[in-house]
Each structure stands twice: as structure tokens, then as C-alpha cells.
Amino acid sequence: MSERRVLAARAIVALFLSATTASAQNIDRSKRPAIAPPPSFKFPKIETHTLANGLRLVVVEDHTVPLIAARIVLGVDSTADPPGKEGLYAVTLGALREGTSSMSSEQLAEAFADVGATVTPTGFTATTAAFARGLTLAGAMLMHPRLDQTAVDRRKSAQAALSRRMAQPPSALPRHLFYAELYGAADPYVRSLVPTEMSVAAVTLDDVRRFYEQHVAPSTTTVVLVGDVTDRVALAEVARVFGSWQTRAAMPSSDSTSSMLAPRPTTIYLADVPGTQAYLYIGDAGPSRTSPDAYAVETAAAISGIRMQQSLREKRSFMYSGNAGMVWRRAPWASAYVGSTSVNAAKVDSALVEWLSLLRGLRADRAATPQELDAVRRNRVGALPARIDGADSLAARVVEMVRDRLPLDYFDQYAARMASVAPTDVAAAASRYIDVDHLIIVVTGDRATIEPALRAANIAPVVVVDPNGKPIDR
Amino acid sequence: MFSFVPRRALVVVTLLAASVRAGTAQPDLTTRPLVYTRIALPNGLVALVNEDRSSPLVAVDVWYHIGSKDDKPGRTGMAHLCEHLFNEGSPNLEQSQRAFYSSIGGTSPRPANTTEDITHFYIAIPSNQLETVLWAESDRMAAPFARMDGQRFVAVREVIRQEREQNIENVPFGVARELAVAELFPAGHPYHVSQLPPMGDVYAATIDDLKATCGPYYVPNNAVLGISGDVDPSVARALIEKYFGGIPRRTVPPRPNASPVALAAEKRVVLEDSRANQPRLQIDWPVVGFAHPDRLALRALASALSINRFGRLSKLLIDDRQLASAVNVEYYDFEKAGVFEILVLPRPGASMTTIETLVDSVMAALPLSPVTTRELARFNNYNATTAVASLETRFARADTLAHGEMFAGDPIIYAKQVAAARALTPADVQRAIKRHLTAGRLVMSLVPAGKLDLIAKPGLPFTNVTPPSSVRAKVQP
């Protein structure tokens, strides 16, 4: 906060207080207090460097707390898993943690205890004093991993257990069915959502070694350092740890692999899951995050979220919690508008009717009001300081920019872009990207309760599917 | 598993080593508590203000000393119901606080939370809106539940029913927590019932009941206001006096006796769930709470048993014997009592009987091979980092100060506890084990519905505590 702004704010408050403190016993709360204008948002200064071997460094200083968040963004993620070996990325990353050329996994763990933080090859958060030791360990795991059979077996076992656990919550099935209908079951992003015990079992030591050789290299790696470290020290430390990493050709991550199914007329996919609660997913494919339409559709999606709260929770009591908003993937991949909630199985038809009606309203008869637009701006832009509160949050935003290939002034531009969205833009974005005539709707719940009501309500064609998304003949 | 987040002892560590150097020895650490201004109004309201002007953001966290332990028998779920009702607007605010705060740039992981001991309402907001938030919070404190009518009441009840279905009944083993405390604490004990129990009593309640039951707790002398961020403490003081100063003090109902309890003997129960695809073994002891001097020893023990790679249980069960995919040991410190819990997720095919036997062998070996100074050092090292990281955000700082004030009358008790943790000796931990982790414990076998062949030590007598909601779904053939 600038000195001038502090003084101005104090002056306003002081004036206001002098007029009212005397009557503190009987203050009139019928009028909302007058407030100062909103503070303008400025993302902290970002410094970037590139080492001779191509490794990139991004630094943001924040000396509030003696803590440094280190994040190492690789040029690969789970969407590079080959078909039938989903989980390879996760197993490889895990195997890197199982020992280096000079340290066993036990010695590594003992070293983490000295750092006071669990260090991984993709990052850690440590106190200022322990940071350099943490970076040394992260670098050793990333550049000189042991990658032997024991390491791979141990991580496969852990990953298989995790896959089994992740399939358990009742929200897992509708989510997967939804994305499979939206992007196609063969889409690498969709496949990466659910490594199965079988696909993890298919991963071999050779796969892991090859995956590592092909995808992990300095030229596709970005180190993000945020917190109580100066730019100068950050550069020196990263050069010390990573400067000797041999350049080698890494496979660039593929952008063209994500498919998208052609839009189909709105259809409800219903999977039978016994129980009183049902899960609902509603969505549509959206623009890439770097598209000029991104801000209008984000606004439209946020307004749908506000209306969803008002209607499905506050007015009708159908839901306890629900979300609606854009799910961004890294550019240039298509995003998705996704709304999800859980309601009583007997209320699925009523909830869907209500929900679709509010989505329909977005594009025409109940277009965004100035109050709604204002609320969304205040919420999205006003929330930015909270989204960078603390080194870990700040690092998460920087990683978001690096991973999604956004310009590093993205958040500084964001406020202005959101402010320029007009009601007509919202309606246009809603009719294009939240298109009520071409939605994917997934319902999981008790078929006997839900199906007759859904068919009677005649909202859209109903296709009953099995847990793999395959239609079941009636 | 318990959803209550165990409170880590928090501390800001001042690092005396000024520059970052590779390979230095362990740095000297001194604890520097958060700097705060304590404001006590004549009506009993206490506010704690931590100033941080580094960005234009302020967190406001209003704590009321009412939790599920204040629910009376036959009136379960009231504290949580009141939390929802308190969020439904106030005399001069015609919408829910949740929607209002969102519209002025507020963010919050949740609008509010009710625990065993407290209810709090929190928001992080652009600092130009601080006065608006204090206005809104004082408006609802001055006239709690003023906007409640029959229609809103019914709507809130239905939302709570959804919350229970979504977060407890429809989650694999989601009822394990409420079943565990029901076994650990006897009927009538304030911790016997959890904060979101089955809906019976909630449906029986009327609006007048609620105003009479909860109203007396929503008063300034039962509240603590935590504020952290972009505000001058003197400005905060003036605003707090202006908005909250005129709200009268009222008599708060007497606190229930929630002293720690002990089980006379081991209890064994089984919970089946048709949503689960793998079993779990959960072992719980009823232990002491936040204020007890053995709290730190119990936390250090949890670390020694489950810390990554070295935990005595995690090393044996995950690494050496490969019987488990995860081992979690937690100490849940409520205000007046607590629960010490060992949770093991077996690998497919692993015997829970074998796992229980191995857990018992590790616990039985503790007197002969006590927790070592190296194990305590690992605990303290992780603790120091967690402590700094835990106070990164303004919300966490406001929360920490309010918690210390309400539970101990000392906003920075966390710093003193970190210092005390550094002084822990193996003998301290040993004494705590002997006192609290006795034969009187609860062993829960959590299994997929119908899989009673998976339970631990099936030859011993057990009670099947499976509620209808856990097997209401048909078991898939």
C-alpha cells in the first residue's frame, strides 16, 4: 500500500469516526458505511532468468515471513501417459523420490527431516535457513535419480492403492463420465483422470526410464522461487544446483493431442448408483484460456454460479454445496464450463429444470444485471490479493501462469479485462459456450427413482449408461 | 476420520542466520510470536488485531464460544443449525452474509464452521471493505436470528439435511467419526454427539427453541474477533468500539462438564459400508484436550509413529511388511478432552488381524525402546516449518489469535507451546503413553458391506454398529 493511500484512508476513517463515536451506544446501522474506493491490484514484481542449459527461473520476492516456496514445473504432465499405461507420469515422479545416485531413500528422508519439510523433485516449502539444503535435494532427485526396480515397484504399489481409493467417493464416477462425454474417452486429459490398477500394473522399469529420458530436461524445466529470497540469491542458488545439468533434447509436450467431440443436442447420461443421493454434472466445451472470449465466459460462468446458489440452495434447498465455473486447461486446449452438485435422488428432475432455466436466462431474458456484473468483478478482482496471500499461494499463481502458458503479466491484465466485459458480451459468451441446446448432463444415482421422473419431465433425451459410459439397452 | 483440523502449535521462527548458505549447520531458532493489539470492550468483547500492510487485504474471523458440546441431550445438532441460521441476513442486511460478502470481494474457504467447541464466521476482504464487514458482523451480533421466519427455517433445515447426506451419509465410512465418539464418550457426555448428527432433533426444533437455545451464546462477552491484515490497530479499535461497543453484555449459560474420560476395557466395533471398496482399521483412545500439559507429548508421539519413512508404524506396515498403503496417526485436541487415533489403510489382501497385532507390538515395545531424542528432533524440525507456513495467510493469523484467546485466554499460547515442545524429553512422552494410551480403547474394523470376513480378530466379541444409511444401497453382485 502506498504511503499516500494509507494517509488518505486514515483521513477518511478519522473524519467518519469523529462524527459518530460519541453515539456509539445507539448507532444507526440502517445505512451501510461509506467506504473508500477499492485498492488497485498489482501483482508483485516477477523476475525471470535463463541458465545456459536452457533452464528457466522465475522469482517473486516476498519477505513478510521467513519462508520460501520452491516449485519446479516440468515440461510434461500426466497427459503424456501412453494409452494403457495411465499412471506412468505419476509413477515416474514418485520413483524420482526413491533415491539418488548417492543417497538411499532412507538417507533422503533423514535429510528431509533436517530441512523440516518433505522435499520432492517438483518442489517444497521451507524456512529461509533450510531452503538451500532443500534445493540441493530436489535437484539431486530430479537430475540424478536412481530409478531402479525397487523404486518403481514401490511407487506402482502406492499408485495402485491411490487409484483404488480415488475410485471410491461417489463423486468420482459422474466426474469421469462427464469429461469422457465432453472430450471423448480417448482424450489424454480424460485418460489421465483415472489411472486404473490395471494401467498402473502395466508400467515397467523401462517405461519409467524412457519416460524420464524423453521428458525431463533443463530446456523444458522452470524453477519458481517465491518468498524470502532475493533475486540475486535465487539466481546464484539455482545456478549452483542446476547449472551443471546437461542439456539434452526433450520431447516438447504435444498440444494437438486433445480432441473434442462435435457438439451434440443436449443429452442426459444416467448411471445407476443405488442410494438416496444423486450427483449432477452439467457442462459444455469452452474457449482456450488465451482466447479473447475467456473473460466474458468466465463472467457468465460466475453469474451462473451466483444464480445457482440463490436458486438451488437458498430458494429451493435442493443442495448444500455446488460449483459452477470454468475449468481451464493449458492453452491452446479447450476449457469447459462445468457445474456440479449433489441432490436427493427424488429431486433430480426438479433441480435440473430449475438449473437449465437459469442457464437459459443467461443469454436472453435474464441477461446479467449491472449489479451481478459488479458483484462478479468485485469478487474475482477483489479476491486477487487473497489468492496471493502467503508464499505458497503466490507460488501457485506463478505456476498457474507457467503451466497454462499465460503471459507473466496475466494477473495485472486480468482486472482491466474483467472490467471491460459488457452485459452483451456475457450473453454472447453464454449462448456460445454455455449452450443449453448442446449440453452434456451426467446424473449418477438410483435409476429406479430418477429415470421415470426424468423421462416424464421431458428435459432432454435420457441415455442410461454403465460405469464405463457404455449405453445400456432398455 | 475426524474432520476437525488438529491445531498445530504455530510459531513464527526468526532466523538468526541472515543469508542463505548451502550446507550450514542447524540454524539457531528463536520464537517470535505474532505481534498483535488486544482490544477489550466493557461489554466483554475481545478483539485481536495483527497489522500487515504488505497488501490491501484483511481477514476478519468472529468466534463464538458455542459448539456441539453445548448441545443438550435431546437437542443435538443445535449449535450447527444455529450457525446456518446466523448466516441468513440480519436486521439491516436482506441477504445471506455469504452472498453479501461474495458481492463485495470477500473470499472464504467456507462461510462458517462449527466444531465440537466453537462456531466461527470468517472472510478475507479488500481492506477498503473492512468497515462494511464490521458493520455487518455487529448487525447480526446485536440482533441474532432476527430475520428468521418459518420459510427460511424450513429451507435451512433442508440444506442441512443435504449437507449431512453429502458429507457424511454418502461418503464411504463417513459416519465413522460420529460412531467413534459415541463409543469413546459415554451417553450424556458433551463430546458423545458430533456437530452434524442425524436429523431427528433438528426436525423437532422450532424457531423459538433456537432463539432461546443459541441466542444467549451469540453475545459480545462470548465472542472473540480476530483481525489480520491491512489495518492500523488504532483505526480498528475505533471501528470496533463504534460498531460493537453498544451491544449489551448478557449472561452466558454455564459450560457443561466435558472432562476427559477413560474406557474401562477395550471395545470392538464393526462398521459396514456399501460405498467402500477397501477396509480400514481405526484404533482410538479417549485422551486429554487442548489445555492439558500432555498435549505436546501426544503430538510428538503421533509424529514418532507415523512420520514419513521413520514412523514406527508407517515404516513397519508400509515399507518393511508392505501390508498398508497409508498409516495416519492424529491427535485431535478438543477444548476439554481429545482423541488419539491410529488409522491404517491396508493393501488389497492384507489381513487386518495381522495389522492389529503388529500395531499392538509396536505400542507394547514403547516402554522398552522409548521415543528417542532423534525422533523428537525430527518432530520439532517439521513443527518449526509447519509453524511458519501455518501463519502465512492473514486468515490463519486471525484464526490462531482468536483460538488462543478463546481456549487459553492467551492469543500467543501457540508460541509458548512451541518453545515447550523443544524441551520435551523421551520421559515426557513415555509418561503420556502410560497415562493415556491404556487398554481402554476402541478398535473399529471398517469394511465394505457384507465383508465381515475382513474384520480384525474376528474371534473376539464385537458389536456391529452399521446404521441403515450405510447399507441402504444395494450391494452390487
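Residues are numbered from 1 along each chain as its sequence is written, while chains are lettered from A and ligands numbered from 1 in the order in which they are written. Because the model is predicted, local features need pLDDT of at least 70 and side-chain atom pairs count only at pLDDT 80 or more, whereas totals for chains, interfaces and linings use all residues.

**View 1. Overall build of chain A.** Chain A holds 18 helices and 11 strands; helices (H or I, at least four residues) and strands (E, at least two) are DSSP runs, numbered from the N terminus. The C-alpha trace spans about 75 × 65 × 40 Å along the principal axes of chain A. Of the 474 residues in chain A, 47% are buried. A residue is buried if 20 or more other C-beta atoms lie within 10 Å of its own, exposed if 12 or fewer, and partly exposed in between, with C-beta atoms placed from the backbone. Among contacts in chain A with a separation of 6 or more, 81% are between residues 24 or more positions apart; two residues are in contact if their C-beta atoms, placed from the backbone, lie within 7 Å.

**View 2. The six-stranded sheet of chain A.** The strands of this open sheet follow the order 8-9-7-10-6-11, with mixed pairing; two strands pair if DSSP finds at least two bridges between them. Strand 8 (322-327) and strand 11 (462-465) of chain A are at the edges and have a single partner strand each, so one side of each is left without a neighbour in the sheet. On average, neighbouring strands of the sheet are turned by 20° against each other, direction ignored. Axes are lines fitted to C-alpha atoms, for helices over the stretch in contact, and angles run from 0 to 180 degrees between N-to-C directions. Strand 6 (residues 267-272) and strand 10 (residues 440-445) of chain A run parallel and are joined by six bridges. A:Leu270 has A:Val443 of strand 10 as its bridge partner. Helix 11 (residues 294-315) of chain A packs on this sheet and touches strand 7 (277-286), strand 8 and strand 9 (335-344). The direction of helix 11 makes about 175° with that of strand 8 of chain A.

**View 3. Helix 18 of chain A and its two faces.** Helix 18 (residues 447-457) of chain A also packs on the sheet, where it touches strand 6, strand 7, strand 10 and strand 11, and its direction makes about 160° with that of strand 6. The buried residues of helix 18 of chain A are A:Ile450, A:Glu451 and A:Leu454. Seen down the helix axis, these buried residues fall within an arc of 95°, so they line one face of helix 18 of chain A; the arc is that of the directions from the helix axis to the C-beta atoms. They pack against strand 6, strand 7, helix 12 (348-363), strand 10 and strand 11 of chain A. The face turned away from the buried side carries the exposed residues A:Ala448, A:Pro452 and A:Ala456. A:Asn458, which follows helix 18 of chain A, has a positive phi near 55°.

**View 4. The crossing of helix 11 and helix 12 of chain A.** The axes of these helices come within 10 Å and cross at roughly 140°. Residues of helix 11 at the crossing include A:Ala300, A:Ile303 and A:Arg307, and those they meet in helix 12 include A:Ala351, A:Trp355 and A:Leu358.

**View 5. The six-stranded sheet of chain B.** Six strands form an open sheet of mixed pairing in the order 11-12-10-13-9-14 of chain B. Its edge strands, strand 11 (324-333) and strand 14 (463-464) of chain B, each pair on one side only. Strand 9 (residues 267-273) and strand 13 (residues 442-448) of chain B run parallel, joined by seven bridges. B:Lys267 stands opposite B:Leu442 of strand 13.

**View 6. A hairpin in chain B.** Strand 3 (residues 37-40) and strand 4 (residues 46-51) of chain B pair in the antiparallel sense over four bridges. B:Arg38 stands opposite B:Leu48 in strand 4 of chain B. Five residues lie between the strands of this hairpin, in which B:Gly44 takes a positive phi near 100°.
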